[in-house]
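Here is a short briefing to read alongside your structure. Have the sequence and the model open as you go.

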Amino acid sequence: MKEAINYEDIDNVILKRRNNNMLLSNYQIDVLNRFNINYLNYSNYKNLLFDIEEILNNDFDEELDFVCSQIAEYIYYGETNK
């Protein structure tokens with residue numbers, strides 16, 4: 001089991017609560033940093049998502065699009081009344 005965890009680099013994809021109270025993985029932060037998006041400048045997912053989509057409109061990137069989709073899911077599932 002330990003070998004599988006090390007192989008998959010689980011720590012890189014696990015969501016962690018950050019200083020701005022957002023749940024983001026190290027992978028997501030790395031992708032955001034590549035586009036000079038400092039997640040600490042945002043207090044909510046909607047504003048972060050808006051800026052990501054602005055970048056994607058001008059310069060499509062598959063990894064940034066994936067992070068965008070993940071954040072859109074957080075918003076959807078976090079705000080949908082079930």
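The points below cover the overall fold, the surface, one glutamine and the aromatic pairs.

This is a predicted model, in which local features need pLDDT of at least 70, side-chain atom pairs count only at pLDDT 80 or more, and totals for chains, interfaces and linings use all residues. Residues are numbered from 1 along each chain as its sequence is written, and side-chain values use heavy atoms, with hydrogens and water left out.

**Overall fold**
- The protein chain has five helices and two strands, where helices (H or I, at least four residues) and strands (E, at least two) are DSSP runs numbered from the N terminus.
- Along the sequence, these elements follow the order α-α-β-β-α-α-α.
- Among contacts (heavy atoms within 4.5 Å) with a separation of 6 or more, 31% join residues 24 or more positions apart.

**Surface and burial**
- Of the 82 residues, 29% count as buried, meaning under 20% relative accessible area.

**A closer look at Q28**
- Q28 sits in helix 3, which spans residues 26-34.
- Q28 counts as buried because its relative accessibility is 1%.
- Leaving aside residues up to four places away in sequence, Q28 touches L15, L23, V67, Q70 and Y74.

**Aromatic pairs**
- Counting Phe, Tyr and Trp rings (six-membered ring for Trp) with centres within 6.5 Å, there are two aromatic pairs.
- Y76 and Y77 form an edge-to-face pair, 4.9 Å centre to centre with 80 degrees between the planes; edge-to-face means over 60 degrees.

Conventions:
Buried < 20%, exposed > 50% of the residue type's maximum accessible area, 1.4 Å probe, protein only. Phe/Tyr/Trp six-rings, centres within 6.5 Å; stacked < 30°, edge-to-face > 60°.
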